[in-house]
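This report examines selected features of a protein chain: a helix, a pocket and several charged pairs. Please keep the sequence and the structure in view while reading.

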Amino acid sequence: MRRAIAALSACALLAGCTAAQATSRPVTLDVVMADDWETAPAVREVIRSFEREHEVRVQVQAAPFSQIPDLVRNAIDLGEPFDLAHWHAFAAGADGIAEPLDDLWIEHQLDPEAFLPGAVDGVTWQGTRYGLPLDVNALVLLVNDRKLRSAGLTPEDLADAEDFLEVARSIREQGDVDHAITLTASSWAAYGWIRAFGGDLLVLEDDGEVTFTFDDPRTVAAIETLGALASEELGTAPFAQDLALDSVAALTNGVVALHASGSWDLPITERAHRSDVGDITVLPLPRGSGDTGTVLGGSSLFVPLGAEHRDLAFAFALALTEDETGLRLAEEEGRLPARSALYEHPMFAASPERTAFVEELPEASVMPLIAFPELASAFSAALERVLKGQEDAGSALAGLQRVAEEIGPR
């Protein structure tokens, strides 16, 4: 009997300890983040610091950036939503998978004017903010100066969109290169060219009304130019996005003279600048007439619908976007901060390449088509057909316009 009582007492004690241990376990913050961000030393350091300060566990699932919205939707459907996600908050808001966060912007006294305009657009849908800007980017033209000079050209010759094809022909014929420019099948990059020509894919009003403009003559002219670069072999065969390093190598090795890219290539091009490869200059894309600009890249953080730890997740998002972390990511990873004041840091003035990017950011526009996945896929398919020479730009975009008008925005 005494042994039985002792055993029962031990079990009760063990159960009590187990319960105490369970209640003392830290909260787990479930986060999904792009794999190339999750591995960044600056991000890892923020995670460790946040865990110590808040006595929580930050559990990060790394994934390819393009797969994150599906992961978020699936987690919501299973009743186990992530607490924080890394993607495009405006598109997550449009899709109904993000919590509105205007109240937390007010609570933390965040000033939208402190961010680049495009960065705020990137977290806003129909007047409501659904996230926090993390980083920004822009599509620019990286130029191998040596190859440009060997073609008898100067940077000023690259300023006019209407003349760009003729300039590309001159580079290929006289510049001692295999191709004038690298090409990619990226719809984001194509949108940068469209904006540079003064076109757009749609006009989105504050009340949510959408007017599609796939068949705008300036939009058609931009895609026609990309198609001609491919068909005349003035550009490389469009590289897949995961072969971006090959594109940079083609530029720095002199295989091509021009490379349209974002700030993620800055660390590599700056190293080339310090070597015997020659200078790499950053220029705006050739511009057309009218309301020209470039595409805003980058990303944001949002709280998925139904997240268990909404306030804590927003606090972690704030930690990831602190000024010191933003500057470190710019220096180490080529990720540009979303807050305007950070561009007063000497780091940007000391680098002509970074300065050129900064000058493009205020006029850069978020690619709104991301909020319309079906049409975004159709646009990518149309772009691919043009680059492969299977259809001319005019007919491809006219067909896309008809589809857009038939199915509507959602």
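Helix α10, which spans residues 187–196, is mostly covered, as 10 of its 10 residues are buried. Here, buried means under 20% relative accessible area, exposed over 50%, and partly exposed in between (1.4 Å probe, protein chains only). Helices (H or I, at least four residues) and strands (E, at least two) are DSSP runs, numbered from the N terminus. The model is predicted: local features need pLDDT of at least 70, side-chain atom pairs count only at pLDDT 80 or more, and totals for chains, interfaces and linings use all residues. Residues are numbered from 1 along each chain as its sequence is written, and side-chain values use heavy atoms, with hydrogens and water left out.

**Helix α10 and its ends**

Among the buried residues of α10 are Trp188, Tyr191, Trp193 and Arg195. After α10 comes Gly198, whose phi is positive, near 95°.

**A serine in helix α9**

Ser170 belongs to helix α9 (residues 164–174). Is Ser170 buried or exposed? Ser170 counts as buried because its relative accessibility is 18%. With neighbours within four places in sequence left aside, Ser170 is in contact (heavy atoms within 4.5 Å) with Ala151, Leu153 and Gly175.

**The second largest pocket**

The second largest pocket has a volume of about 720 Å³. Of the 29 residues that line this pocket, the closest to its centre are Asp121, Leu204, Ser365, Val366 and Pro368. A pocket is found on a 1 Å grid over the protein atoms alone, as an open set of points where a 1.4 Å probe fits, with protein on both sides within 12 Å along at least five of seven lines; lining residues have an atom within 4 Å of a point. Grid points are joined across faces, edges and corners, and the volume is the space filled by probe spheres set on the points.

Helix α10 returns here: α7 (117–121), β4 (124–125), α10, β9 (202–204) and β14 (364–366) each supply at least two residues of the lining. The lining divides into 11 nonpolar, 9 polar and 9 charged residues. Ala, Val, Leu, Ile, Met, Phe, Trp, Tyr, Cys and Pro count as nonpolar, Asp, Glu, Lys and Arg as charged, and the others, Gly among them, as polar.

**Salt bridges**

Side chains of opposite charge can pair when their charged atoms come close. A salt bridge is a side-chain nitrogen of Lys or Arg within 4 Å of a carboxyl oxygen of Asp or Glu. The whole structure holds 16 salt bridges, including those in the table.

| Salt bridge | N to O distance |
|---|---|
| Asp95 and Arg73 | 2.6 Å |
| Arg310 and Asp103 | 2.6 Å |
| Lys147 and Asp176 | 3.5 Å |

Asp95 in helix α5 (residues 89–95) and Arg73 in helix α4 (residues 68–77) are 22 residues apart. Asp95 is partly exposed, with a relative accessible area of 27%, and Arg73 is partly exposed at 23% relative accessibility.

Arg310 lies in helix α14 (residues 310–320) and Asp103 in helix α6 (residues 102–107), so this pair ties together parts that are 207 residues apart in sequence. Asp103 is partly exposed, with a relative accessible area of 40%.

Lys147 in helix α8 (residues 145–150) and Asp176 in the loop between α9 and β8 (179–181) are 29 residues apart. Lys147 is buried, with a relative accessible area of 14%, whereas Asp176 counts as exposed at 61% relative accessibility. Elsewhere, salt bridges that share partners join Glu45, Arg328 and Glu332 into one network.
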